[in-house]
Amino acid sequence: MKYKSLSAMALAIAGVSFAFSEAHAAQISSPSGSIVLNAEVVDSIPVYSVNYKGKPVILPSKLGFELADGPDMMDGFSLISTSTSSFDETWNPVWGENKNIRNNYNELLVKLDQPRCYRKMNLRFRVYDDGIGFRYEFPQEGVLTYFIIKEEHSQFAMAGDHTAWWIAGDYDTQEYDYTESRLSEIRSKMSEAICSNASQTLFSPTGVQTSLQMKTDDGIYINLHEAALIDYSCMHLNLDDKNMVFESWLTPDAQGNKGHMQSPCHTPWRTVMIADNACDILASNLILNLNEPCAYDDTSWIKPVKYVGVWWEMIAGPQEWSYTSDVPSVKLNKHDYTALKPHGKHAANNANVRKYIDFAAEHGFDQVLVEGWNIGWEDWFGHSKDYVFDFQTPYPDFDVDALNSYANSKGVKLMMHHETSASVRNYERHMDAAYKFMEKHGYNAVKSGYVGNMLPRGEHHYSQWINNHYLYAVTEAAKHKIMVNAHEAVRPTGLCRTYPNLIGNESARGTEYEAFAGNKPFHTTVLPFTRLQGGPMDYTPGIFDMDMKEVNPDGNGHVNSTIARQLGLYVTMYSPLQMAADVPEVYNRFMDAFQFIKDVAVDWDESKYLEAEPGRYIVAARKAKGKNDWFIGCTANEDGHSSDLKLDFLDADKKYEATIYADADDAHYATNPQAYKITKKKVNSKTRLKLKAAPGGGYAISIKPIN
Ligand code: NOJ
Ligand code: CA
């Protein structure tokens with residue numbers, strides 16, 4: 001243990017209030033005693049419940065499994081034994097919101113027997129001051145060796161009709177706008193909630209995805225998610241909306257099975273975060289703490305990245321990923337592309353990429369993402385083809401050697417792009433050669449993607465085998481010292497602690513949807529409570545030109561944000577991977593505001609959430625890694641937000657200058673998004689800053705010490 005204060009140890013010991021009320025029940029509390037968990041066997045069924053400061057958060061909820069190849073594990077259990085332990089250590093992530101993370105919990109292990117089937121099953125509960133985690137463990141005892149899960153039936157019984165921020169349950173996408181409603185309204189709002197999304201594999205009118213954020217009428221924030229999703233299917237939640245009981249609903253494979261298991265094995269952790277202050281939900285490290293420590297000995301090659309990219313001009317149009325409109329008739333990597341007629345809209349061409357490299361070098365960015373550099377884009381989407389990309393053959397107008405050496409000569413790296421078109425076998429066939437190709441040409445980061453229906457057909461984006469694939473792509477990449485940012489992959493569950501070369505994921509509706517349809521103005525006030533709980537998101541902020549018609553005469557999207565909020569997102573949307581997503585021509589028109597993106601850090605010593613309410617506003621302050629510079633960001637919903645910030649986190653003996661990038665008085669996300677004002681102010685630890693965010697607006701502040 002690296003850290004253990006005496007008082008924390010005393011509390012931890014006092015907190016293990018462990019008692020048998022009867023021979024079949026056990027109780028354990030969190031280190032401070034605020035959270036109390038009960039586990040018992042009722043009528044031969046394992047049941048748990050959770051209280052927070054004396055109030056029920058999880059009412060008695062059943063735990064169990066249906067198996068596809070044997071009798072169920074829903075009842076017939078008896079308790080063999082219970083035991084408790086405590087844990088308290090502080091660990092240091094390779095990158096993160098904080099350089100020190102305390103992992104302090106009390107643990108209860110419940111050993112169960114299902115005598116009629118000669119099977120054993122353990123339940124491991126960890127109780128923290130900010131929530132609980134539990135998982136099922138299947139020891140290699142009794143007759144349970146190989147088994148197939150038909151469904152996991154873990155219940156989360158709510159104590160009321162809470163307000164929830166939710167997206168529809170779906171086996172293939174998370175790229176939804178959020179809906180805020182009572183739990184009882186999920187069913188009636190479901191069709192409206194799904195209408196904005198193209199790819200849907202809906203399974204229930206009351207099915208939702210995790211991480212699910214809720215708030216009770218008496219002000220308790222509850223978040224349901226999972227941690228350490230490895231070799232298992234991703235968990236959705238299905239609501240019994242008469243009784244307000246959520247139950248796990250796993251993603252099936254092509255045969256409809258939900259997990260192929262071999263003991264000894266265990267499920268991921270099922271998590272319940274609990275706090276009476278929304279800021280504490282954002283500051284929680286529960287998910288990371290429930291993941292295993294870093295699996296790599298050498299992490300010196302893993303570095304946070306700020307990047308620009310040949311990207312928005314294709315997302316917003318009118319440029320293209322493809323080089324030609326002709327669909328080649330022979331296998332793509334055998335085709336002579338130089339014989340094909342270019343359509344003239346190929347963005348990943350030598351001249352354009354050089355322009356981005358120059359821009360990145362001039363403004364201090366680490367990398368330039370280039371999408372559409374490789375052959376295959378003419379024929380990649382919607383044709384359910386198993387063989388599209390080879391990830392190694394550039395188009396004729398992309399000189400991979402010359403561009404990489406040009407970038408390197410300017411201290412910049414190119415970022416690789418692997419769109420797999422969800423053809424996983426094809427990607428695995430090419431993966432080793434593709435990573436070697438990257439190493440040879442000096443790439444150390446890849447943005448990958450899984451757009452479209454999964455191949456093999458009938459498989460989904462979040463089932464056990466594909467989750468294993470996503471992790472395989474990360475661990476194979478590590479062998480080549482490559483960092484991975486996977487889009488359309490399963491939503492993160494804290495695996496970046498164990499595998500820190502997983503520097504980003506999309507797994508939610510990102511900025512790209514602003515170009516297609518526009519996100520709800522409150523979107524970025526929800527994401528940190530939900531999607532970001534499991535790990536960083538490649539949200540790609542930094543759009544300064546909100547009107548898609550200006551970018552592309554055929555475009556009809558509108559970025560529902562002010563410029564000041566786009567800046568604030570670099571702080572509120574924590575990620576070690578941050579893109580400045582707009583095109584250089586636009587940034588050149590707003591160089592004074594762009595300065596914040598140049599200055600903002602991507603790795604931190606310390607983070608503080610100053611003001612937060614899901615769906616309303618978030619204000620975060622972060623101290624740059626190894627420096628005395630602080631950055632503050634705010635994002636607000638369509639009502640705007642008034643802040644009253646105490647800067648008491650600054651060093652008391654230092655003076656600072658703050659540069660404040662705020663919405664102008666008449667700014668508005670829909671009608672006047674580019675109106676901002678930049679002011680400078682001397683501040684110290686006693687300063688109070690009153691600031692206003694416009695409707696759909698925000699602000700950003702950089703604070704630097706004055707010597
Ligand atoms: C979807 C990704 O989210 C986007 O960033 C990417 O440009 C396209 N797929 C093409 O791969
Ligand atoms: Ca996407």
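This passage walks through a predicted model of one protein chain, from its overall build down to single residues. Because the model is predicted, local features need pLDDT of at least 70 and side-chain atom pairs count only at pLDDT 80 or more, while totals for chains, interfaces and linings use all residues. Residues are numbered from 1 along each chain as its sequence is written, chains are lettered from A and ligands numbered from 1 in the order in which they are written, and side-chain values use heavy atoms, with hydrogens and water left out.

Let's start with the whole chain. It holds 15 helices and 36 strands; these are DSSP runs numbered from the N terminus, with helices being H or I runs of at least four residues and strands being E runs of at least two. The C-alpha trace spans about 75 × 65 × 50 Å along its principal axes.

How much of the chain is tucked away? Of the 707 residues, 63% are buried. Here, buried means under 20% relative accessible area, exposed means over 50%, and partly exposed is in between (1.4 Å probe, protein chains only).

Charges come next. The chain has 68 positive and 89 negative charges, and their mean positions are 4 Å apart. In this count Lys and Arg are positive and Asp and Glu negative, with His and the chain ends not counted; each charge is placed at NZ of Lys, CZ of Arg, CG of Asp or CD of Glu.

Now for the rings. A search of the whole structure turns up 38 aromatic pairs. Rings of Phe, Tyr and Trp (its six-membered ring) pair if their centres lie within 6.5 Å; planes under 30 degrees apart count as stacked, over 60 as edge-to-face and the rest as tilted. One of these pairs is Tyr48 with Phe134, tilted, at 4.9 Å centre to centre and with 50° between the planes. Tyr48 sits in strand 3 (residues 45-52) and Phe134 in strand 9 (residues 131-138), so the pair ties together parts that are 86 residues apart in sequence. Both Tyr48 and Phe134 are buried. Phe134 also pairs with Tyr136, this time edge-to-face, at 6.3 Å centre to centre and 75° between the planes. Ring pairs join Tyr48, Phe65, Phe125, Phe134, Tyr136, Phe138, Phe147 and Phe156 into a cluster.

Ser49 is in strand 3 and, at 13% relative accessibility, counts as buried. Setting aside neighbours within four places in sequence, Ser49 touches Val36, Leu37, Asn38, Ile58, Leu59 and Pro60. Gly131 belongs to strand 9 and is buried too, at 0% relative accessibility. With neighbours within four places again left out, the contacts of Gly131 are Ile35, Arg126, Val272, Met273, Ile274 and Leu286. Between Gly131 and Leu689, 558 residues apart along the chain, the C-alpha atoms are 32 Å apart.

A cis peptide bond, with omega about 5°, joins Gly317 and Pro318, and Pro318 lies in the loop between helix 5 (312-315) and helix 6 (350-363). Another cis bond, with omega about 5°, links Leu455 and Pro456; Pro456 is in the loop between strand 25 (445-449) and helix 9 (464-479). Tyr118 isn't a glycine, yet has a positive phi of about 55°. This residue lies in the loop between strand 7 (101-114) and strand 8 (119-128) and is exposed at 60% relative accessibility. Asp231 likewise has a positive phi, near 50°, and is partly exposed, with a relative accessible area of 39%.

Technical notes: Contact means heavy atoms within 4.5 Å.
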